[in-house]
Amino acid sequence: MASPTTTADAAIPEKKGADDNYLTHDKGFASWAFTLDHKRIGVMYLASVLSAFALGGVFALLVRTELWSPGRTIMEHDTYNQMFTLHGAIMVFLVIIPGIPAALGNIILPLHLGAKDVAFPKLNLASYYLWIIGCLCMLGSLVTNAVDTGWTFYAPYSTTTQTNVIPAAMGAFILGFSSIFTGLNFIVTIHKLRPPGMTFFRMPLFVWALYSTALIQVLATPVIGITLLMMIVERVFGLGIFDPSLGGDPVLFQHFFWFYSHPAVYIMIVPAFGVVSEIIPVFSRKRLFGYQFIAISSLAIAFLGFLVWGHHMFTSGQSVLAGTIFSAITFLIAIPTAIKIFNWVSTMYKGRIHLDTPMLYALAFLWVFTIGGLTGVFLAVMGVDIHLHDTYFVVAHFHYVMMGGAITAFLGGLHYWFPKAFGKMYDEKTGRIGALIVFVGLNLTFFPQFILGSRGMPRRYYNYLPEFQGLHQLSTIGAFTLGIGFLLTAISLGRALKNGKPAPKNPWGGVTLEWTTTSPPPYYNFHTPPPVTAGPYDGYENLVYDEKIGGYVAKT
Amino acid sequence: MTLHLLALLAEPQLPKLAPSDSFWLPVDASVTSRNIDWVWDFMIWVSLLVTIGVFVAIFHFITKYKAKSRAANEIAEKSAEHNTALEITWSVLPLFVCIALFVWGFKGFVDLRTPPKEAMELHANAQKWKWTFDYKCATGGMTDDTLHVPIDRPVRMLISSVDVLHALYIPSFRTKMDAVPGRYTDLWFQATKAGDYPIFCAEYCGTSHSDMLSHVVVHPAGQYETWLKGACEKADSMVGPERGKKLYSQQGCETCHTIDGTPKIGPSWKGLFGKMEMMADGTPYKVDENYLRESMMDPTAKVVQGFAPSMPTYKGKLSDKDIDGLIEFIKTLK
């Protein structure tokens, strides 16, 4: 792999005009398909992830429509089982895991660091194409005989079902490598490509979050790869690993699976912490409260996340001692998470708060993630978890965290960096209405599911007792509200791309390095690495708003 | 298939949720919920407090410190970046709450996992997609698809599965345990209120996962023994097609085989006896007594073309009398 400085220096554009940027630098399909530019790769990731999100969303709406009434509403048992499996697998492997790191992170990380690109641009492109191949494998299962195991692929169901499990598992396996490559790239980038003066404790928290995430991606993902391979071997060759009728152990599969999939939860949510940590200080015009704590706690959560997988298995027959240890460590994660929320809220104290779309998403995140986090504590309490395990309470909890947390933060980040990435402003009013509908929709969808779960409604049910119908219908109405919110947001951003007003360098008044370059950034981001002399949230008072350009400029 | 599913739904034995005096939790009917429900209530109140607190703080800050306009260029007031007292409070307080919750959760868990020594034992069998429960009779045993238990006596359920993972879940007893093929798991409870409570399968197990329901009947004092005696006598005295018909629903045959001629997960039993069936390997085979017997004992030996080899074995679960009964029953379905 060529070092980034040599590739960059060799091709520095000499004759391009002042308004040259990465979007106009080269033209044509090949200039995108073979690009090594982190921003273009990020944009391709963004478009692909959003398409997958739309597909996963359609499956979610089909699932919710089916649940409008007990028994058959629009589809049969088996179709329903395939729908919820595809919804879960697409949202986890194709959307949320790559969402913030690979799409937003790719565009922003080098800009945050004042660097010209990531450390390994070719590896970056390879990781994108692995995503595409993984995605095609999953779609292969979808169009043949779609997998019906749930995204968890639990054995021995997954090794005996008649549906096409192998392409879906291969897809997840390949997507794992895509994720490992991105993680590896980011770790090296953060270590080696920081500008002069940017010590670790002067890095923006989004960089800290990506760093912690990347560590988990590199260390945990190989385990899911091996596990899925073993499952495939068992299916194809009848080698007994997990299926007891062949001499295997089904609980072993659960251990392997959650050894990856619990840390994967932090791959999904820690980047969201990073985005929120960027948005709140900028829109409060105030330094972040407790910067060092948030930075270190991302790492701590990443580390502890490796030691709690057994809390998914309190009812699996694992020993009381094992359960107890897993429960205790789980509580250790609750405390830094709670403190983070208090820090974000405190940042607003005595700030000067601007309620633009990104901030609205950040505020929605704070409240929704509080509920998601607190209900996680219910599940960590072993005695109570026995009742709640595998019910809608769990479904509601992780949707509050994944949908309400990760996706809300992703949308916040998308609106926050949209002017920088595309050089266009979106319509603020539509953006705010979209955020509001999404917020209402997600609470309406998932709050009734807490009540369903605590009253005993098991998850992954096609059919249900008539007593549960009212709450199911509320949830379905919420899901369609959410769908409308996303559609409105998509239309708003689409229109902005086409005929949005040109964006200034610094529309929100941020002091991190991406705001010191033009919008959209030039092909090579920065001519020389910008020197860093202060923390990432210092010096809002040195900027003044210029109404003529609609953005902030340095005070003279 | 649709019609059949609707018929399943319309079945009168669909378990009903008894009305509960708690908004959140189903009616509590076992001593095992004693260490759980009050922890739940405590957490609900703490969560409400924190959620409302966070909401009020956010709302207060965004109204009080809302910037006029960007053009006004307001600068945030200087305020501390650290406040040791505050930070210690919001770290230590949750820590104490978490320690308490951990200890209470641990107690509740150990309680749920430790059946009293004098507990009576019942065996629960899981298979796609049916629960069956074994009872000991004076002579031999009896199997039923409903769980019957006496009130105020600890009951330990020994759980096993013949195919994939399932989970025995009784919301009103606040307990749940996976049924894992290849090993035994267990749970226990001691019913405190006579009545009828739903049982669900909580671990996803395929097509009819959501129809894998049953219910537990808690008999008032003294009536369990009477029920058991009657049920044992009835099970014992039944022979021939009548026995087969009972086993058809009790043993879960009906989840895959219809008796009206529509193929489901397996071939329909209507007109099956004496029929020439094409096997998966392409050889035709006439359905006779020995074929039916083999299909129950070693279901994958000869699979009819067009069907998946997904039937579990009934070896050891059906007596000779049972097999006779089932064959006689199938013979009546012309």
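1. Start with where helix 9 and helix 14 of chain A touch. From helix 9 of chain A come Met268(A), Ile269(A), Ala272(A), Val275(A), Val276(A), Glu278(A) and Ile279(A), and they meet Val401(A), Met402(A), Gly405(A), Ala406(A), Ala409(A), Phe410(A), Gly412(A), Gly413(A) and Tyr416(A) of helix 14 of chain A. Contact here is a matter of C-beta atoms, placed from the backbone, lying within 7 Å. By class, the residues of this contact are twelve nonpolar, three polar and one charged; Ala, Val, Leu, Ile, Met, Phe, Trp, Tyr, Cys and Pro count as nonpolar, Asp, Glu, Lys and Arg as charged, and the others, Gly among them, as polar.

2. Keep in mind that this is a predicted model, where local features need pLDDT of at least 70 and side-chain atom pairs count only at pLDDT 80 or more, while totals for chains, interfaces and linings use all residues. Residues are numbered from 1 along each chain as its sequence is written, and chains are lettered from A and ligands numbered from 1 in the order in which they are written. Helices (H or I, at least four residues) and strands (E, at least two) are DSSP runs, numbered from the N terminus.

3. On geometry, helix 9 (residues 250–284) and helix 14 (residues 392–422) of chain A have axes 9 Å apart, at an angle of about 45°. Axes are lines fitted to C-alpha atoms, for helices over the stretch in contact, and angles run from 0 to 180 degrees between N-to-C directions. Helix 9 of chain A is therefore oblique to helix 14 of chain A (under 35 degrees is roughly parallel, over 145 roughly antiparallel, 65 to 115 roughly perpendicular, and the rest oblique). Their crossing is left-handed, in that the near helix is turned anticlockwise from the far one by less than a right angle.

4. Next, helix 3 (residues 38–66) and helix 4 of chain A: their axes come within 7 Å and cross at roughly 155°. That makes helix 3 of chain A roughly antiparallel to helix 4 of chain A. This crossing is left-handed too, and the contact has 25 nonpolar, six polar and two charged residues.

5. Two cis peptide bonds to look at. One runs from Ala155(A) to Pro156(A), with omega near 0°, and Pro156(A) sits in the loop between helix 5 (121–143) and helix 6 (157–160) of chain A. Another joins Ser519(A) and Pro520(A), omega about -10°; Pro520(A) is in the loop between strand 2 (501–502) and strand 3 (543–546) of chain A.

6. Positive phi away from glycine deserves a glance as well. Phe153(A) has phi near 50° and is in the loop between helix 5 and helix 6 of chain A. Phe153(A) is buried, with 23 other C-beta atoms within 10 Å (buried takes 20 or more such atoms, exposed 12 or fewer, partly exposed in between). In chain B, Arg174(B) has phi of about 55°, in the loop between strand 6 (166–170) and strand 7 (175–179), and is buried with 28 other C-beta atoms within 10 Å.

7. Strand 3 and strand 4 (residues 551–554) of chain A pair antiparallel over four bridges; pairing takes at least two DSSP bridges. Tyr545(A) has Tyr552(A) as bridge partner. The two strands form a hairpin with four residues between them, and Gly550(A) in the turn has a positive phi of about 70°.

8. Finally, the chain contact: 80 residues from chain A and 81 from chain B. Helix 11 of chain A gives the largest share of chain A's side, 13 residues.

Note on methods. Two residues are in contact if their C-beta atoms, placed from the backbone, lie within 7 Å.
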